[in-house]
Amino acid sequence: MTGVVRVPVLFVNAYLVEANDGFVLVDSGLRGIGATLIRVAVQARFGSDVRPRGIVLTHGHFDHAGSARALAKEWDVPIYAHRLELPYLRRQSEYPPEDPTVGGTLANLSRLFPRAGSYAGPRLRPLATDGEIPGLRGWRALPTPGHTRGHVSLFRESDGVLLAGDALATMDQESPLELLVQHRQLRQPPAPLTTDWQAAQRSIEHLATLRPQAIAAGHGLPMVGPDVAEALSTFARNFAPPAHGRYVNQPARADEAGLIYVPPPVPDPIGLALRAAGVGAVAAALLMALRRRSDHDDPRAFDATGRRPRSS
Ligand SMILES: [Zn+2]
Ligand SMILES: [Zn+2]
């Protein structure tokens, strides 16, 4: 992956992507630690006092966009995201609720995830509709909706390098052991935060038609080599959405102003049991603490619909 540097931030990846005359940061990791690790990686690769041309976000989830605002402010550079992702990064809307009923470890943990996108601040800009990325010639941002409505993947056609964000994963996120060893394997997008499984499947099928030579995703180690294209084709052919879950038969719907509709929740026996055991209260307290922390610099509250008027 010439000119692509992976920056692991605990369980998620950011990437430094070199262009002819500089570099661009793709995703920004978790808030705080993401910025710290990215600063170290930038200094190691390019030296001190060097800054990128901009930051591109594959989507606005907390583990990908958490440090974008702080780094953009520090470097005084723009942040780019797909226009359908902007309402969450502007905090004009919340993402659809996570789906703890989709099954698996991650789904159970998702009860603790913050639902709001990371506030990106005033440097946020929409990506151009033709997918061109300022400062990153040779790369294109491709809409890959499904995990989120405005999710994009980045592709460099000249050598087939694909930065897939959460359109798919290159590790099994369901196994706590795999979080440590991270065997390379193609896997579904992070399930509890994926809110349109049909679109997610179409996006994976579309990515397979690109015949990538390297796949670097938001979660897992990069997969590189002549077998990668065929592995992705096989994965796309055999892909099936989860057997059950809130968004499996009916997607959440959203437009450029944010969330419009979420399908009704499906029965959640584990959630009920947790609440009955009092664990839910602890989880709720943790969640509130997380949300309060992520609201820290943007104290405006959501109204009951989960939206609020566009700010100036
Ligand atoms: Zn995500
Ligand atoms: Zn992610």
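**Zinc ion (ligand 2)**

I looked up the protein donors of the zinc ion (ligand 2) and found D63 (OD), H64 (NE2), D166 (OD) and H219 (NE2), at 2.1 to 2.7 Å from the ion. Donors here are N, O and S atoms within 2.8 Å of the metal (3.2 Å for Na, K and Ca); water is not among the atoms, so sites may look incomplete. The model is predicted: local features need pLDDT of at least 70, side-chain atom pairs count only at pLDDT 80 or more, and totals for chains, interfaces and linings use all residues. I note that residues are numbered from 1 along each chain as its sequence is written, that chains are lettered from A and ligands numbered from 1 in the order in which they are written, and that side-chain values use heavy atoms, with hydrogens and water left out.

I checked the geometry next: the 4 donor atoms of the zinc ion (ligand 2) make angles of 86 to 153°, and the site is irregular. Four donors count as tetrahedral if all angles lie between 85 and 135 degrees; four count as square planar and six as octahedral if opposite donors are over 155 degrees apart and all others between 65 and 115; anything else is irregular. Along the sequence I read the donor spacing as D-H-x101-D-x52-H. The site links distant parts of the chain, with H64 in helix α2 and D166 in the loop between β9 (161-165) and α6 (176-181), 102 residues apart. Helices (H or I, at least four residues) and strands (E, at least two) are DSSP runs, numbered from the N terminus. H64 and D166 are both buried, that is, under 20% relative accessible area, where exposed is over 50% and partly exposed in between (1.4 Å probe, protein chains only).

**Zinc ion (ligand 1)**

For the zinc ion (ligand 1) I recorded H59 (NE2), H61 (ND1), H147 (NE2) and D166 (OD) as protein donors, 2.1 to 2.3 Å away. D166 bridges this ion and the zinc ion (ligand 2), and the two lie 3.4 Å apart. The site of the zinc ion (ligand 1) is also irregular, with angles of 90 to 174° among its 4 donor atoms. Its donor residues are spaced H-x1-H-x85-H-x18-D. H59 sits in the loop between β4 (54-56) and α2, 107 residues from D166. I found both H59 and D166 buried.

**S67**

I located S67 in the loop between α2 (62-65) and α3 (68-75). S67 counts as buried because its relative accessibility is 1%. Beyond its neighbours within four places in sequence, its contacts (heavy atoms within 4.5 Å) are S28, G29, L30, R31, G32, G34 and A35.

**Aromatic rings**

I counted 5 aromatic pairs. Rings of Phe, Tyr and Trp (its six-membered ring) pair if their centres lie within 6.5 Å; planes under 30 degrees apart count as stacked, over 60 as edge-to-face and the rest as tilted. W197 and F239 are stacked, at 6.5 Å centre to centre and 25° between the planes. W197 is in helix α7 (residues 197-209) and F239 in the loop between α8 (228-238) and β12 (253-255), 42 residues apart. F235 and F239 have ring centres 5.7 Å apart and planes at 75°, so this pair is edge-to-face.

**Whole protein**

I noted 10 helices and 13 strands. Of the 312 residues, 54% count as buried.
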